[in-house]
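Dear colleague,

I am passing on the structure that you will find just below, followed by what came out of looking through it. Please read the notes with the model open beside them.

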Amino acid sequence: MMKSVRFLALLLLAVSSVSVVAMASDKYSGTPAAKAEFEKGKVALESQNWEKAAAAFKKATEIDPNYADAHDQYMLARENAAIGDFKIFSTGTEEEKKKMRERTKKVGEEITQEYEDLVKQHPDMPIYKWALAQRYDESNPELQGKYCKEALAQDPDFGPGYSCVGSVASLGGDNATAMQSYRKLVELQPDNKESWRLLQWTASHGDPQQYKAITDEIVQKFPDSDTAVEALMKYTKSLPQDEQIAQFEEIVAKYPPKKVPASAKAAEELFARYDSSDPAKAAAFAHKVQAEIPDDKDWKKHVEYADGMANAEAKIKANDGAGALAILKNVKVPTYIFNKTRLELLQAKANDISGKTADAYADLLKVFAATPERDLQGPLYDYGKKLGKSDSAIDGEVWKARADASKPEIPFTLDSFVDGKKVSLADYKGKVVLIDFWYPNCGPCMNAMPYLEDLYNKYKDSGLVFLGINGFEEQAAFVMPLVKARGWGFLPLKGDKKFCEDVYKVRGFPSTFLIGADGRVYFKPFTYDHHQEEIADMQIQALLAAAKQ
(Lines give C-alpha, C1' and ligand atoms only; values in the text may rest on other atoms or scores of the structure.)
Protein backbone atom coordinates (compact mmCIF):
# COMPACT_ATOMS: atom_id res chain seq x y z
CA MET A 1 0.00 0.00 0.00
CA MET A 2 1.43 3.39 -0.96
CA LYS A 3 1.79 5.98 1.79
CA SER A 4 -0.79 8.28 0.20
CA VAL A 5 -3.29 5.46 -0.13
CA ARG A 6 -2.78 4.73 3.55
CA PHE A 7 -3.73 8.34 4.32
CA LEU A 8 -7.00 7.85 2.45
CA ALA A 9 -7.69 4.59 4.27
CA LEU A 10 -7.11 6.26 7.62
CA LEU A 11 -9.29 9.15 6.56
CA LEU A 12 -12.16 6.80 5.83
CA LEU A 13 -11.72 5.27 9.26
CA ALA A 14 -11.67 8.70 10.80
CA VAL A 15 -15.06 9.59 9.45
CA SER A 16 -16.57 6.37 10.75
CA SER A 17 -17.84 5.82 14.26
CA VAL A 18 -14.50 4.27 15.29
CA SER A 19 -11.66 6.72 15.75
CA VAL A 20 -8.34 6.05 14.07
CA VAL A 21 -6.39 6.12 17.34
CA ALA A 22 -9.28 5.48 19.72
CA MET A 23 -7.07 3.99 22.34
CA ALA A 24 -6.05 6.72 24.71
CA SER A 25 -6.88 6.51 28.39
CA ASP A 26 -9.21 9.17 29.75
CA LYS A 27 -6.32 11.62 30.15
CA TYR A 28 -5.59 11.34 26.44
CA SER A 29 -9.09 10.96 25.00
CA GLY A 30 -10.09 14.63 24.97
CA THR A 31 -12.03 17.01 27.18
CA PRO A 32 -15.66 17.75 26.25
CA ALA A 33 -14.69 21.10 24.70
CA ALA A 34 -11.89 19.50 22.66
CA LYS A 35 -14.20 16.71 21.53
CA ALA A 36 -16.74 19.26 20.32
CA GLU A 37 -14.09 20.83 18.12
CA PHE A 38 -12.95 17.38 16.98
CA GLU A 39 -16.49 16.63 15.79
CA LYS A 40 -16.38 19.77 13.65
CA GLY A 41 -13.22 18.38 12.07
CA LYS A 42 -14.94 15.09 11.29
CA VAL A 43 -17.79 16.93 9.58
CA ALA A 44 -15.26 18.83 7.47
CA LEU A 45 -13.59 15.55 6.54
CA GLU A 46 -16.87 14.18 5.25
CA SER A 47 -17.06 17.05 2.77
CA GLN A 48 -13.32 16.71 2.02
CA ASN A 49 -12.66 20.22 3.27
CA TRP A 50 -9.16 19.33 4.43
CA GLU A 51 -8.08 22.83 5.46
CA LYS A 52 -11.16 23.36 7.64
CA ALA A 53 -10.71 19.89 9.14
CA ALA A 54 -7.04 20.54 9.93
CA ALA A 55 -7.95 23.85 11.60
CA ALA A 56 -10.61 22.18 13.76
CA PHE A 57 -8.32 19.34 14.82
CA LYS A 58 -5.54 21.83 15.56
CA LYS A 59 -7.89 23.84 17.76
CA ALA A 60 -8.87 20.63 19.58
CA THR A 61 -5.18 20.02 20.41
CA GLU A 62 -4.88 23.58 21.66
CA ILE A 63 -7.91 23.15 23.93
CA ASP A 64 -6.53 19.82 25.18
CA PRO A 65 -2.86 19.20 24.28
CA ASN A 66 -3.15 15.57 25.46
CA TYR A 67 -5.92 14.69 22.98
CA ALA A 68 -4.26 11.87 20.99
CA ASP A 69 -6.93 11.46 18.30
CA ALA A 70 -6.87 15.16 17.54
CA HIS A 71 -3.10 15.18 16.95
CA ASP A 72 -3.37 12.16 14.69
CA GLN A 73 -6.19 13.61 12.62
CA TYR A 74 -4.59 17.05 12.43
CA MET A 75 -1.50 15.56 10.77
CA LEU A 76 -3.54 13.47 8.36
CA ALA A 77 -5.84 16.34 7.41
CA ARG A 78 -2.88 18.60 6.65
CA GLU A 79 -1.30 15.98 4.41
CA ASN A 80 -4.63 15.38 2.68
CA ALA A 81 -4.86 19.11 2.08
CA ALA A 82 -1.43 18.98 0.42
CA ILE A 83 -2.53 16.10 -1.80
CA GLY A 84 -5.70 17.93 -2.77
CA ASP A 85 -7.66 15.89 -5.26
CA PHE A 86 -7.02 12.17 -4.76
CA LYS A 87 -7.93 11.56 -8.41
CA ILE A 88 -4.44 12.77 -9.24
CA PHE A 89 -3.17 9.30 -8.33
CA SER A 90 -5.21 7.66 -11.08
CA THR A 91 -5.90 10.35 -13.68
CA GLY A 92 -3.35 13.10 -13.07
CA THR A 93 -0.57 13.98 -15.49
CA GLU A 94 3.04 13.28 -14.54
CA GLU A 95 3.54 16.99 -13.95
CA GLU A 96 0.51 17.12 -11.62
CA LYS A 97 1.78 14.09 -9.73
CA LYS A 98 5.23 15.64 -9.42
CA LYS A 99 3.81 18.86 -7.99
CA MET A 100 1.61 16.90 -5.61
CA ARG A 101 4.63 14.92 -4.34
CA GLU A 102 6.57 18.16 -3.83
CA ARG A 103 3.67 19.69 -1.88
CA THR A 104 3.18 16.68 0.36
CA LYS A 105 6.91 16.42 1.04
CA LYS A 106 7.08 20.10 2.03
CA VAL A 107 4.00 19.88 4.26
CA GLY A 108 5.24 16.63 5.79
CA GLU A 109 8.53 18.27 6.70
CA GLU A 110 6.67 21.23 8.21
CA ILE A 111 4.53 18.93 10.39
CA THR A 112 7.55 16.95 11.54
CA GLN A 113 9.37 20.17 12.45
CA GLU A 114 6.28 21.40 14.30
CA TYR A 115 6.24 18.33 16.54
CA GLU A 116 10.00 18.29 17.01
CA ASP A 117 9.66 21.84 18.36
CA LEU A 118 6.79 20.78 20.63
CA VAL A 119 8.89 17.92 22.04
CA LYS A 120 11.64 20.41 22.88
CA GLN A 121 9.21 22.91 24.37
CA HIS A 122 7.39 20.29 26.46
CA PRO A 123 9.91 17.51 27.24
CA ASP A 124 7.75 16.28 30.12
CA MET A 125 4.68 15.57 27.94
CA PRO A 126 4.69 12.07 26.34
CA ILE A 127 1.89 13.04 23.92
CA TYR A 128 4.30 15.02 21.75
CA LYS A 129 6.89 12.25 21.49
CA TRP A 130 4.12 9.86 20.54
CA ALA A 131 2.73 12.30 17.94
CA LEU A 132 6.23 12.78 16.50
CA ALA A 133 6.59 9.00 16.35
CA GLN A 134 3.59 8.82 14.01
CA ARG A 135 5.58 10.82 11.46
CA TYR A 136 7.79 7.75 11.04
CA ASP A 137 5.02 5.16 10.80
CA GLU A 138 6.31 3.75 7.49
CA SER A 139 9.45 5.75 6.78
CA ASN A 140 11.37 4.74 9.93
CA PRO A 141 9.53 2.30 12.23
CA GLU A 142 12.63 1.84 14.39
CA LEU A 143 12.65 5.55 15.25
CA GLN A 144 8.89 5.40 15.73
CA GLY A 145 9.32 2.61 18.29
CA LYS A 146 12.10 4.51 20.06
CA TYR A 147 9.95 7.62 20.55
CA CYS A 148 6.99 5.57 21.75
CA LYS A 149 9.10 3.70 24.31
CA GLU A 150 10.36 7.04 25.58
CA ALA A 151 6.76 8.25 25.88
CA LEU A 152 5.88 5.14 27.92
CA ALA A 153 8.88 5.67 30.16
CA GLN A 154 7.40 9.06 31.03
CA ASP A 155 3.90 7.70 31.61
CA PRO A 156 3.43 3.92 31.99
CA ASP A 157 -0.33 4.46 31.65
CA PHE A 158 -0.03 6.14 28.25
CA GLY A 159 -2.31 3.97 26.13
CA PRO A 160 -1.32 5.21 22.66
CA GLY A 161 2.30 4.36 23.49
CA TYR A 162 1.42 0.69 23.99
CA SER A 163 -0.44 0.66 20.69
CA CYS A 164 2.59 2.12 18.94
CA VAL A 165 5.09 -0.27 20.56
CA GLY A 166 2.83 -3.22 19.75
CA SER A 167 2.55 -2.14 16.13
CA VAL A 168 6.32 -1.82 15.70
CA ALA A 169 6.88 -5.18 17.42
CA SER A 170 4.41 -6.83 15.03
CA LEU A 171 6.38 -5.49 12.06
CA GLY A 172 9.38 -7.51 13.14
CA GLY A 173 7.36 -10.60 13.97
CA ASP A 174 7.85 -10.11 17.72
CA ASN A 175 4.43 -11.42 18.67
CA ALA A 176 5.32 -11.80 22.34
CA THR A 177 6.10 -8.08 22.76
CA ALA A 178 3.12 -7.10 20.63
CA MET A 179 0.81 -9.28 22.74
CA GLN A 180 2.20 -7.82 25.98
CA SER A 181 1.70 -4.29 24.66
CA TYR A 182 -1.87 -4.86 23.49
CA ARG A 183 -2.74 -6.77 26.66
CA LYS A 184 -1.59 -3.75 28.68
CA LEU A 185 -3.65 -1.58 26.38
CA VAL A 186 -6.87 -3.50 27.06
CA GLU A 187 -6.12 -3.42 30.77
CA LEU A 188 -5.93 0.38 30.55
CA GLN A 189 -8.89 0.53 28.18
CA PRO A 190 -11.13 -2.44 29.07
CA ASP A 191 -14.11 -0.97 27.22
CA ASN A 192 -12.21 0.14 24.14
CA LYS A 193 -13.26 -2.14 21.28
CA GLU A 194 -10.41 -1.12 18.98
CA SER A 195 -7.84 -2.15 21.60
CA TRP A 196 -9.40 -5.62 21.77
CA ARG A 197 -9.36 -5.87 17.99
CA LEU A 198 -5.63 -5.19 17.99
CA LEU A 199 -5.08 -7.86 20.62
CA GLN A 200 -7.09 -10.40 18.62
CA TRP A 201 -5.35 -9.51 15.36
CA THR A 202 -1.94 -10.10 16.97
CA ALA A 203 -3.11 -13.37 18.50
CA SER A 204 -4.19 -14.57 15.05
CA HIS A 205 -0.51 -14.82 14.10
CA GLY A 206 0.40 -17.00 17.05
CA ASP A 207 -0.91 -19.98 19.00
CA PRO A 208 -4.39 -21.05 17.74
CA GLN A 209 -5.57 -21.84 21.27
CA GLN A 210 -4.60 -18.37 22.47
CA TYR A 211 -6.35 -16.89 19.43
CA LYS A 212 -9.53 -18.77 20.32
CA ALA A 213 -9.26 -17.77 24.00
CA ILE A 214 -8.96 -14.06 23.18
CA THR A 215 -11.85 -14.32 20.75
CA ASP A 216 -13.94 -15.81 23.55
CA GLU A 217 -12.84 -13.00 25.86
CA ILE A 218 -14.11 -10.42 23.37
CA VAL A 219 -17.45 -12.20 23.02
CA GLN A 220 -17.86 -12.30 26.78
CA LYS A 221 -16.77 -8.68 27.18
CA PHE A 222 -19.09 -7.34 24.46
CA PRO A 223 -22.03 -9.77 24.35
CA ASP A 224 -24.74 -9.37 21.70
CA SER A 225 -22.70 -6.70 19.90
CA ASP A 226 -21.19 -6.00 16.51
CA THR A 227 -17.77 -6.33 18.15
CA ALA A 228 -18.53 -9.91 19.22
CA VAL A 229 -19.76 -10.82 15.74
CA GLU A 230 -16.74 -9.26 14.04
CA ALA A 231 -14.37 -11.14 16.35
CA LEU A 232 -16.15 -14.43 15.69
CA MET A 233 -16.14 -13.83 11.93
CA LYS A 234 -12.41 -13.15 11.91
CA TYR A 235 -11.72 -16.30 13.89
CA THR A 236 -14.05 -18.41 11.75
CA LYS A 237 -12.19 -17.43 8.57
CA SER A 238 -9.02 -18.90 10.06
CA LEU A 239 -10.64 -22.35 10.36
CA PRO A 240 -10.46 -25.09 7.71
CA GLN A 241 -12.99 -24.51 4.94
CA ASP A 242 -15.06 -27.55 5.84
CA GLU A 243 -15.66 -26.12 9.33
CA GLN A 244 -16.60 -22.61 8.30
CA ILE A 245 -20.22 -23.15 7.24
CA ALA A 246 -21.22 -24.62 10.61
CA GLN A 247 -19.50 -21.77 12.44
CA PHE A 248 -21.14 -19.07 10.32
CA GLU A 249 -24.52 -20.78 10.83
CA GLU A 250 -23.95 -20.62 14.57
CA ILE A 251 -23.04 -16.91 14.43
CA VAL A 252 -26.11 -15.97 12.39
CA ALA A 253 -28.39 -18.04 14.63
CA LYS A 254 -27.02 -16.54 17.85
CA TYR A 255 -26.82 -12.98 16.50
CA PRO A 256 -29.76 -12.36 14.13
CA PRO A 257 -28.95 -9.64 11.56
CA LYS A 258 -32.08 -7.68 12.50
CA LYS A 259 -30.71 -7.33 16.06
CA VAL A 260 -26.96 -7.18 15.45
CA PRO A 261 -26.14 -5.29 12.22
CA ALA A 262 -22.66 -6.80 11.79
CA SER A 263 -24.27 -10.21 11.53
CA ALA A 264 -25.56 -9.22 8.08
CA LYS A 265 -21.95 -9.62 6.95
CA ALA A 266 -21.69 -12.99 8.66
CA ALA A 267 -24.86 -13.99 6.83
CA GLU A 268 -23.29 -12.78 3.60
CA GLU A 269 -20.27 -15.00 4.20
CA LEU A 270 -22.62 -17.92 4.81
CA PHE A 271 -24.66 -17.14 1.71
CA ALA A 272 -21.48 -17.12 -0.39
CA ARG A 273 -20.55 -20.57 0.88
CA TYR A 274 -24.07 -21.92 0.34
CA ASP A 275 -23.98 -20.49 -3.19
CA SER A 276 -20.99 -22.67 -4.02
CA SER A 277 -22.21 -25.82 -2.30
CA ASP A 278 -26.05 -25.75 -2.31
CA PRO A 279 -27.62 -23.00 -4.51
CA ALA A 280 -31.18 -23.86 -3.50
CA LYS A 281 -30.26 -23.46 0.16
CA ALA A 282 -28.53 -20.20 -0.68
CA ALA A 283 -31.66 -18.82 -2.36
CA ALA A 284 -33.91 -19.79 0.55
CA PHE A 285 -31.44 -18.28 3.00
CA ALA A 286 -31.22 -15.03 1.02
CA HIS A 287 -35.00 -14.62 1.14
CA LYS A 288 -35.05 -15.36 4.86
CA VAL A 289 -32.40 -12.76 5.69
CA GLN A 290 -33.87 -10.16 3.35
CA ALA A 291 -37.25 -10.59 5.06
CA GLU A 292 -35.58 -9.94 8.41
CA ILE A 293 -33.78 -6.79 7.22
CA PRO A 294 -35.96 -5.54 4.34
CA ASP A 295 -34.23 -2.16 4.08
CA ASP A 296 -30.78 -3.63 3.53
CA LYS A 297 -29.87 -2.86 -0.11
CA ASP A 298 -27.12 -5.49 -0.26
CA TRP A 299 -29.52 -8.27 0.64
CA LYS A 300 -31.98 -7.10 -1.97
CA LYS A 301 -29.20 -7.59 -4.50
CA HIS A 302 -28.38 -11.02 -3.08
CA VAL A 303 -32.01 -12.07 -3.51
CA GLU A 304 -32.05 -10.76 -7.07
CA TYR A 305 -28.89 -12.72 -7.81
CA ALA A 306 -30.18 -15.95 -6.24
CA ASP A 307 -33.56 -15.67 -7.97
CA GLY A 308 -31.97 -14.83 -11.31
CA MET A 309 -29.70 -17.85 -11.13
CA ALA A 310 -32.58 -20.12 -10.05
CA ASN A 311 -34.81 -18.88 -12.87
CA ALA A 312 -32.03 -19.41 -15.40
CA GLU A 313 -31.46 -22.94 -14.13
CA ALA A 314 -35.19 -23.61 -14.49
CA LYS A 315 -35.04 -22.42 -18.11
CA ILE A 316 -32.06 -24.67 -18.76
CA LYS A 317 -33.89 -27.67 -17.31
CA ALA A 318 -36.74 -26.82 -19.66
CA ASN A 319 -34.23 -26.81 -22.53
CA ASP A 320 -34.81 -23.08 -23.09
CA GLY A 321 -31.25 -21.86 -23.61
CA ALA A 322 -32.29 -18.52 -25.11
CA GLY A 323 -34.56 -17.81 -22.15
CA ALA A 324 -31.75 -18.64 -19.74
CA LEU A 325 -29.31 -16.37 -21.57
CA ALA A 326 -31.83 -13.51 -21.50
CA ILE A 327 -32.01 -13.83 -17.72
CA LEU A 328 -28.29 -14.35 -17.15
CA LYS A 329 -27.22 -11.26 -19.05
CA ASN A 330 -28.82 -9.18 -16.28
CA VAL A 331 -27.48 -11.23 -13.36
CA LYS A 332 -24.79 -9.49 -11.32
CA VAL A 333 -22.62 -11.51 -8.97
CA PRO A 334 -22.59 -9.58 -5.65
CA THR A 335 -19.22 -8.37 -4.36
CA TYR A 336 -15.84 -10.02 -4.67
CA ILE A 337 -16.53 -12.75 -2.10
CA PHE A 338 -18.91 -14.53 -4.44
CA ASN A 339 -17.61 -17.15 -6.85
CA LYS A 340 -18.42 -16.22 -10.45
CA THR A 341 -17.91 -19.80 -11.62
CA ARG A 342 -21.59 -20.69 -11.28
CA LEU A 343 -22.62 -17.84 -13.57
CA GLU A 344 -19.94 -18.70 -16.14
CA LEU A 345 -20.99 -22.35 -16.16
CA LEU A 346 -24.69 -21.54 -16.51
CA GLN A 347 -23.99 -19.19 -19.40
CA ALA A 348 -21.95 -21.89 -21.12
CA LYS A 349 -24.67 -24.49 -20.53
CA ALA A 350 -27.32 -22.13 -21.91
CA ASN A 351 -25.21 -21.50 -25.01
CA ASP A 352 -24.68 -25.21 -25.49
CA ILE A 353 -28.36 -26.16 -25.39
CA SER A 354 -29.07 -23.25 -27.72
CA GLY A 355 -26.84 -24.90 -30.31
CA LYS A 356 -23.96 -22.49 -29.67
CA THR A 357 -21.49 -24.98 -28.25
CA ALA A 358 -18.62 -23.14 -29.93
CA ASP A 359 -19.54 -20.01 -27.92
CA ALA A 360 -19.77 -22.04 -24.72
CA TYR A 361 -16.33 -23.48 -25.39
CA ALA A 362 -14.77 -20.14 -26.36
CA ASP A 363 -16.14 -18.36 -23.30
CA LEU A 364 -14.90 -21.01 -20.87
CA LEU A 365 -11.56 -21.23 -22.66
CA LYS A 366 -10.97 -17.51 -22.16
CA VAL A 367 -11.84 -17.67 -18.46
CA PHE A 368 -10.01 -20.93 -17.76
CA ALA A 369 -6.83 -19.79 -19.50
CA ALA A 370 -6.57 -16.75 -17.22
CA THR A 371 -8.11 -18.04 -13.97
CA PRO A 372 -8.20 -21.85 -14.04
CA GLU A 373 -10.70 -23.49 -11.70
CA ARG A 374 -11.44 -27.19 -11.32
CA ASP A 375 -15.18 -26.65 -11.75
CA LEU A 376 -14.53 -25.08 -15.17
CA GLN A 377 -12.06 -27.66 -16.39
CA GLY A 378 -14.46 -30.60 -16.89
CA PRO A 379 -17.14 -28.65 -18.79
CA LEU A 380 -14.50 -26.93 -20.94
CA TYR A 381 -13.10 -30.26 -22.11
CA ASP A 382 -16.58 -31.73 -22.53
CA TYR A 383 -17.60 -28.89 -24.86
CA GLY A 384 -14.29 -29.23 -26.69
CA LYS A 385 -14.86 -32.93 -27.29
CA LYS A 386 -18.38 -32.18 -28.46
CA LEU A 387 -16.78 -29.96 -31.10
CA GLY A 388 -14.48 -32.80 -32.12
CA LYS A 389 -11.39 -31.62 -30.29
CA SER A 390 -8.97 -34.01 -28.58
CA ASP A 391 -7.65 -33.39 -25.07
CA SER A 392 -4.25 -32.50 -26.52
CA ALA A 393 -5.85 -30.03 -28.94
CA ILE A 394 -7.71 -28.36 -26.08
CA ASP A 395 -4.52 -28.28 -24.03
CA GLY A 396 -2.83 -26.55 -26.93
CA GLU A 397 -5.56 -23.94 -27.29
CA VAL A 398 -5.53 -23.21 -23.56
CA TRP A 399 -1.77 -22.76 -23.62
CA LYS A 400 -1.91 -20.59 -26.76
CA ALA A 401 -4.43 -18.28 -25.06
CA ARG A 402 -2.09 -17.98 -22.09
CA ALA A 403 0.96 -17.43 -24.26
CA ASP A 404 -0.80 -14.75 -26.30
CA ALA A 405 -1.69 -12.86 -23.12
CA SER A 406 1.75 -13.28 -21.51
CA LYS A 407 4.46 -10.63 -21.39
CA PRO A 408 8.25 -10.83 -21.18
CA GLU A 409 9.76 -10.88 -17.71
CA ILE A 410 11.78 -7.81 -16.70
CA PRO A 411 15.35 -8.73 -15.72
CA PHE A 412 16.71 -7.49 -12.40
CA THR A 413 19.51 -8.01 -9.92
CA LEU A 414 18.95 -7.30 -6.24
CA ASP A 415 20.75 -7.98 -2.96
CA SER A 416 19.61 -10.84 -0.76
CA PHE A 417 18.58 -10.09 2.82
CA VAL A 418 19.93 -13.49 3.82
CA ASP A 419 23.60 -13.10 2.92
CA GLY A 420 23.90 -9.84 0.97
CA LYS A 421 24.78 -11.65 -2.26
CA LYS A 422 23.48 -10.53 -5.63
CA VAL A 423 20.43 -12.41 -6.89
CA SER A 424 19.35 -12.10 -10.52
CA LEU A 425 16.15 -13.25 -12.11
CA ALA A 426 18.41 -14.76 -14.77
CA ASP A 427 19.75 -17.16 -12.10
CA TYR A 428 16.45 -19.03 -12.36
CA LYS A 429 16.26 -19.39 -16.11
CA GLY A 430 14.23 -22.49 -16.94
CA LYS A 431 12.43 -22.38 -13.56
CA VAL A 432 8.92 -21.32 -12.63
CA VAL A 433 9.29 -18.21 -10.47
CA LEU A 434 6.77 -16.68 -8.06
CA ILE A 435 7.62 -13.03 -7.31
CA ASP A 436 5.78 -11.13 -4.59
CA PHE A 437 6.25 -7.41 -3.98
CA TRP A 438 5.46 -6.70 -0.34
CA TYR A 439 6.65 -4.85 2.78
CA PRO A 440 6.32 -5.53 6.54
CA ASN A 441 3.77 -2.84 7.38
CA CYS A 442 1.36 -3.90 4.63
CA GLY A 443 -1.83 -5.48 5.98
CA PRO A 444 -2.96 -7.05 2.67
CA CYS A 445 0.58 -8.43 2.24
CA MET A 446 0.36 -10.14 5.61
CA ASN A 447 -3.02 -11.61 4.64
CA ALA A 448 -1.72 -12.95 1.32
CA MET A 449 1.62 -14.32 2.48
CA PRO A 450 0.36 -17.47 4.27
CA TYR A 451 -1.42 -18.58 1.07
CA LEU A 452 1.70 -17.94 -1.01
CA GLU A 453 3.82 -19.83 1.51
CA ASP A 454 1.42 -22.79 1.36
CA LEU A 455 1.80 -22.88 -2.41
CA TYR A 456 5.57 -22.58 -2.23
CA ASN A 457 5.86 -25.40 0.32
CA LYS A 458 3.63 -27.55 -1.87
CA TYR A 459 5.63 -27.04 -5.07
CA LYS A 460 9.19 -26.11 -4.09
CA ASP A 461 10.34 -29.71 -4.54
CA SER A 462 8.87 -29.59 -8.05
CA GLY A 463 11.04 -26.63 -8.95
CA LEU A 464 9.02 -23.58 -7.90
CA VAL A 465 11.15 -20.57 -6.86
CA PHE A 466 9.68 -17.90 -4.56
CA LEU A 467 11.28 -14.43 -4.42
CA GLY A 468 9.85 -11.81 -2.04
CA ILE A 469 10.90 -8.25 -2.87
CA ASN A 470 10.60 -5.66 -0.11
CA GLY A 471 9.03 -2.51 -1.55
CA PHE A 472 9.82 -0.12 1.32
CA GLU A 473 13.54 0.39 1.83
CA GLU A 474 12.80 2.19 5.10
CA GLN A 475 11.41 -1.04 6.57
CA ALA A 476 14.36 -3.21 5.58
CA ALA A 477 15.41 -3.75 9.22
CA PHE A 478 12.13 -5.59 9.88
CA VAL A 479 12.26 -8.02 6.97
CA MET A 480 14.52 -10.78 8.33
CA PRO A 481 13.12 -10.72 11.89
CA LEU A 482 9.62 -11.04 10.44
CA VAL A 483 10.62 -13.77 7.97
CA LYS A 484 12.32 -15.78 10.72
CA ALA A 485 9.51 -15.27 13.25
CA ARG A 486 6.85 -16.43 10.80
CA GLY A 487 8.99 -19.26 9.42
CA TRP A 488 8.59 -18.09 5.83
CA GLY A 489 10.68 -19.90 3.24
CA PHE A 490 10.86 -17.47 0.33
CA LEU A 491 14.11 -15.71 -0.59
CA PRO A 492 13.79 -12.07 0.61
CA LEU A 493 15.36 -9.46 -1.68
CA LYS A 494 16.14 -5.79 -1.12
CA GLY A 495 13.96 -3.56 -3.24
CA ASP A 496 12.57 -0.06 -2.86
CA LYS A 497 9.58 1.95 -4.07
CA LYS A 498 11.41 3.31 -7.10
CA PHE A 499 12.39 -0.17 -8.30
CA CYS A 500 8.90 -1.55 -7.74
CA GLU A 501 7.18 1.35 -9.48
CA ASP A 502 9.64 2.01 -12.31
CA VAL A 503 10.78 -1.51 -13.17
CA TYR A 504 7.77 -3.73 -12.49
CA LYS A 505 5.12 -0.99 -12.59
CA VAL A 506 3.81 -1.96 -9.17
CA ARG A 507 0.96 0.33 -8.18
CA GLY A 508 -0.06 -1.33 -4.94
CA PHE A 509 1.05 -3.99 -2.49
CA PRO A 510 1.02 -6.91 -2.60
CA SER A 511 1.63 -7.42 -6.31
CA THR A 512 2.37 -10.99 -7.34
CA PHE A 513 3.72 -12.37 -10.61
CA LEU A 514 4.05 -15.94 -11.90
CA ILE A 515 6.80 -16.36 -14.48
CA GLY A 516 7.08 -19.45 -16.65
CA ALA A 517 10.24 -21.40 -17.46
CA ASP A 518 10.34 -19.56 -20.80
CA GLY A 519 10.84 -16.23 -19.06
CA ARG A 520 7.37 -14.79 -19.61
CA VAL A 521 4.88 -13.43 -17.07
CA TYR A 522 1.73 -15.54 -17.37
CA PHE A 523 -0.32 -14.78 -14.27
CA LYS A 524 -0.76 -12.13 -11.57
CA PRO A 525 -2.52 -13.97 -8.72
CA PHE A 526 -4.01 -12.21 -5.72
CA THR A 527 -4.36 -14.77 -2.95
CA TYR A 528 -6.70 -13.15 -0.46
CA ASP A 529 -8.70 -16.32 0.31
CA HIS A 530 -8.77 -20.09 -0.21
CA HIS A 531 -10.66 -19.80 -3.49
CA GLN A 532 -7.99 -17.53 -4.97
CA GLU A 533 -5.31 -19.84 -3.59
CA GLU A 534 -6.87 -22.73 -5.52
CA ILE A 535 -6.74 -20.68 -8.73
CA ALA A 536 -3.06 -19.83 -8.11
CA ASP A 537 -2.44 -23.52 -7.40
CA MET A 538 -3.70 -24.49 -10.85
CA GLN A 539 -1.72 -21.67 -12.46
CA ILE A 540 1.47 -22.98 -10.87
CA GLN A 541 0.64 -26.54 -11.90
CA ALA A 542 0.18 -25.40 -15.51
CA LEU A 543 3.53 -23.60 -15.57
CA LEU A 544 5.37 -26.49 -13.93
CA ALA A 545 3.86 -28.92 -16.45
CA ALA A 546 4.89 -26.64 -19.33
CA ALA A 547 8.42 -26.43 -17.91
CA LYS A 548 8.81 -30.21 -18.24
CA GLN A 549 7.85 -30.25 -21.91
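Which are the buried residues of helix α18 (residues 321–328)? They are Gly321, Gly323, Ala324, Leu325 and Leu328, where buried means under 20% relative accessible area, exposed means over 50% and partly exposed lies in between, with a 1.4 Å probe and protein chains only. What covers these buried residues of α18 includes α17 (297–317) and α19 (341–353). As background, an α-helix has 3.6 residues a turn, so residues three or four places apart point the same way.

Before the rest, a word on the basis of these notes: this is a predicted model, in which local features need pLDDT of at least 70 and side-chain atom pairs count only at pLDDT 80 or more, while totals for chains, interfaces and linings use all residues. Residues are numbered from 1 along each chain as its sequence is written, and side-chain values use heavy atoms, with hydrogens and water left out.

The chain as a whole

The protein chain holds 26 helices and 8 strands, these being DSSP runs numbered from the N terminus (H or I over at least four residues for helices, E over at least two for strands). Its radius of gyration is 26 Å, close to the 24 Å that the globule rule gives for 549 residues, so the protein chain is as compact as a globular protein of that length; the radius is taken over C-alpha atoms, and the rule is 2.2 Å times the number of residues to the power 0.38. Along the principal axes, the C-alpha atoms fill a box of roughly 85 × 60 × 50 Å.

Buried residues account for 51% of the 549 residues in the protein chain. Of the contacts (heavy atoms within 4.5 Å) between residues at least 6 apart in sequence, 64% join residues at least 24 apart. The accessible surface, computed by the Shrake-Rupley method with a 1.4 Å probe, comes to about 25,700 Å², and 52% of it belongs to carbon and sulfur atoms.

Two nonpolar cores

A nonpolar core here is a set of buried Ala, Val, Leu, Ile, Met, Phe, Trp, Tyr and Cys residues joined through side-chain atoms within 4.5 Å. The largest has 59 residues, and those touching the most other members are Phe57, Tyr115, Ile127, Tyr128, Trp130, Phe158 and Leu199. Helix α4 (residues 68–83) gives the most to this core, with 7 residues. Ile127, leaving aside neighbours within four places in sequence, is in contact with Tyr28, Pro65, Asn66, Ala68, His71 and Phe158. A second, separate core of 49 residues includes Leu414, Leu434, Phe509 and Val521.

Around strand β7

Phe509 is also joined to Pro510 by a cis peptide bond, with omega about -5 degrees, and Pro510 lies in the loop between α25 (497–502) and β7. Within strand β7 (residues 511–515) sits Thr512, which is buried at a relative accessible area of 7%. Thr512 and Asp436 are 76 residues apart in sequence, yet their C-alpha atoms are 4.4 Å apart in space. Beyond neighbours within four places in sequence, the contacts of Thr512 are Leu434, Ile435, Asp436, Leu452, Phe523, Lys524 and Pro525.

Two loop residues with positive phi

Gln48, in the loop between α2 (32–46) and α3 (50–63), has phi near 60 degrees, a positive value in a residue other than glycine, and Gln48 is exposed, with a relative accessible area of 53%. Asp224, in the loop between α12 (208–221) and α13 (226–237), likewise has a positive phi, near 55 degrees, and counts as exposed at 58% relative accessibility.

Gln113 belongs to helix α6 (residues 94–121) and is partly exposed, at 38% relative accessible area; its C-alpha atom is separated by 60 Å from that of Lys281, 168 residues apart along the chain. Lys184, in helix α10 (residues 175–188), is partly exposed as well, at 27%, and touches Pro156, Asp157 and Tyr162 when residues up to four places away in sequence are not counted. Between Lys184 and Asp359, 175 residues apart in sequence, the C-alpha to C-alpha distance is 62 Å.

With best wishes
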